[in-house]
Amino acid sequence: MSLSDLLSTSFVQHAFYAVTAVALAAGAVGYFVVLRRQAFAAHAIGHVGFAGAAGAVLLGLSPIVGLLVFCLGAGLLIGVGGASLDESDAVVGVTLTAALGLGVLFISLYSGYANATYSILFGQILGVTWDDVGLVAALSLGVLLVVSLSYRPLLFASVDAQSAAARGLSIRAMSLLFMALLAITTVVAIQIVGVLLVFSLLVAPAAAAEVLTSRPQHAVALAMTIALVSAWAGLFFGVWIGGPVSFWITALAASSYLGARLFDRNRVRHVRRALA
Amino acid sequence: MRGGAVVLGGRTIWRDASFVVEPGTITAVLGPNASGKSTLLNLILGLVPLSEGSLRVFGQSPRRGNRRVGYMAQSRAADATSTLTGRDYVGLGFDGPRFGWGRDKTKREVIRRALTLTGTAAFCDQPLHSLSGGQRQRIALAHATVFSPELLLLDEPLAALDLAAQAEIVDLVNLVRDSTGAAIIVVAHDLNPLSSIVNQVLWIARRQVRSGSVDEVVNESVLSELYGHPIEIIVTPRGRRVIVGLEEEFAHPHPHPHPHGFEHNEEAHQHLSELYEEETS
């Protein structure tokens, strides 16, 4: 089968729509993850999702149901317990280990085919059905809509919680809103890259964008672009060259961060030389 | 505020606070660490309830998000690593709390005015982490004064600044008062750099609040009573007042000061170990 034949197959096309939706949502939410220094929370929610998916499989439900329930639950728990960013580390850590323990229990109870677990951990983008695409696209669109509507308050509460509270914003409510957005984004991103690689879309593009620009709106747009390009190129390389798509996406996203850091160092040196 | 008291988690922070802040005046809030200075600001912002007495802000009970009240939070370590530009941070003072897609056409002009007033226009497009501490405080002041507030609350604006930057910020605070006619309340741990512009002092110590002019509050009998420990004020040849706590032996002359005397009074000593200087007018 030629490359163009491969690209026109239905499973590649499903994958294309799914990665597009996921990359856009993950890029936008990822900016706030980086800004709030809550990468650890993003990491934990992914792993909590693993327990949820394993539990759902054990009960004979679709993994995405378990993912949604567990990720949202953990998000709300972290959002309430760690509303002040100072105290969130311990809350996140405890939530993470408790969920992972549950995940181990669910897997040991489940005697069936372990492939489901494998795809949750590492992503299974080429197995996405048309129904999955619909759900993923709807959730991603919802996330993007909420982020764009609450962009300013989210930014304010993330940058300067004290002043935001003085101006009447509820820090707890903003923290809950953010964690809910993060949970839903994590659920959809897990469909593509899996629990272990969720950072590749959620943190790496946003971290690269934050290095490259100081304007928040530019950074959000740039993070979404980097995530989208990584996801599209990753899918293309996976189909063309072979190897897991999630590997390609992770490698490209991580390279974008590395490239941004190198570019920034070069730029700083250049400015220093100009000033000297 | 009349007869105000704050109780948080069953602990009385302070009580019997009565004072009035007039427009166009600067009030300094002083006292040891953790004496409830920032709590006073949170009270005015409507973030903390008053347990006793009454507090009126422009004739009304304090409420959250009042645009007539500007607030500058204590500078945090996060500023030093923030990649946000000064202009974006000031912009959050304008429409940061607002949800939705709408853009306010007056935003650009309002922000330009705040940047001009605080002298920050030249460096407002640089990321906050690349600015000096004094520059960051100027940006924070622009953020707090975006709506030309009639009451401006500043929490430790001079903390972690060198002497030159402190003087710069004090001048700026004075300028803001003169050009906007706002009433300004400044929380500080040291009266000295502020003394030239302060009209009123609120001194919080040992759960009490004393208010009055600098002369009324910064004298030996009032401070001794506040701290529950004898205080001596030394006037330097240039007319500055240095506030010191007296050692146990001076306070209660005793031929053999017992060995536990110091430990016993450790808390009072801690309060008094800071020196407060004050210029006489």
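This is a predicted model: local features need pLDDT of at least 70, side-chain atom pairs count only at pLDDT 80 or more; totals for chains, interfaces and linings use all residues.
In the hairpin formed by strands E1(B) and E2(B), two residues lie between the strands, and B:Gly9 adopts a positive phi near 55°. Strand E1 of chain B covers residues 2–8, and strand E2 of chain B covers residues 11–17; the two run antiparallel and are joined by four bridges. Within this pairing, B:Gly4 has B:Ala17 of E2(B) as its bridge partner.

E1(B) also pairs with strand E4 of chain B, residues 52–54, again in the antiparallel sense, through two bridges. Here B:Arg2 stands opposite B:Ser54 of E4(B).

A further set of strands in chain B is arranged around E6(B), which comprises residues 151–155. Strand E5 of chain B, residues 69–72, pairs with E6(B) in the parallel sense over four bridges, and B:Met72 stands opposite B:Leu154 of E6(B). E6(B) is likewise joined to strand E7 of chain B, residues 183–187, by five bridges, and these two strands run parallel. In that pairing, B:Leu151 has B:Ala183 of E7(B) as its bridge partner.

How many of the five residues of E6(B) are buried? The strand is mostly covered, with five of its five residues buried. In a regular strand the side chains alternate between the two faces of the sheet. In E6(B), B:Leu151, B:Leu153 and B:Asp155 point one way, whereas B:Leu152 and B:Leu154 point the other way, and all of them are buried.

The loop between helix H4 (133–144) and strand E6 of chain B contains B:Ser148. The phi of B:Ser148 is near 45°, a positive value in a residue other than glycine. Most residues other than glycine have a negative phi. B:Ser148 has a relative accessible area of 44% and is therefore partly exposed, since that class lies between the limits of 20% and 50%.

Chain A provides another case of positive phi. A:Arg37 is located in the loop between helix H2 (10–35) and helix H3 (39–58) of chain A, and its phi is near 55°, a positive value in a residue other than glycine. Is A:Arg37 buried or exposed? Its relative accessibility is 52%, so A:Arg37 counts as exposed, the threshold for that class being over 50%.

A:Arg261, A:Arg265, A:Arg269 and A:Arg273 form a positive surface patch. One of these residues, A:Arg265, is found in helix H14 of chain A, residues 245–275. A:Arg265 is exposed because its relative accessible area is 54%.

The other patch is nonpolar: A:Leu7, A:Phe236, A:Trp240 and A:Ile241 form it on the surface, with about 390 Å² of accessible area together. A:Ile241 belongs to the loop between helix H13 (216–240) and H14 of chain A. At 53% relative accessibility, A:Ile241 counts as exposed.

A:Leu176 has a relative accessibility of 24% and so counts as partly exposed. Its C-alpha atom is separated by 15 Å from that of A:Ala164, and A:Leu176 and A:Ala164 are twelve residues apart along the chain.

Key. Residues are numbered from 1 along each chain as its sequence is written. Chains are lettered from A and ligands numbered from 1 in the order in which they are written. Side-chain values use heavy atoms; hydrogens and water are left out. Two strands pair if DSSP finds at least two bridges between them. Patches are made of residues with over 30% relative accessible area and no salt bridge: like charges are joined within 9 Å, nonpolar side chains (Val, Leu, Ile, Met, Phe, Trp, Tyr) within 5 Å. Accessible areas come from the Shrake-Rupley method with a 1.4 Å probe; for residues, only the protein chains shown count as cover. A salt bridge is a side-chain nitrogen of Lys or Arg within 4 Å of a carboxyl oxygen of Asp or Glu. Lys and Arg count as positive and Asp and Glu as negative; His and the chain ends are not counted. The place of a charge is taken as NZ of Lys, CZ of Arg, CG of Asp or CD of Glu. Buried means under 20% relative accessible area, exposed over 50%, partly exposed in between (1.4 Å probe, protein chains only).
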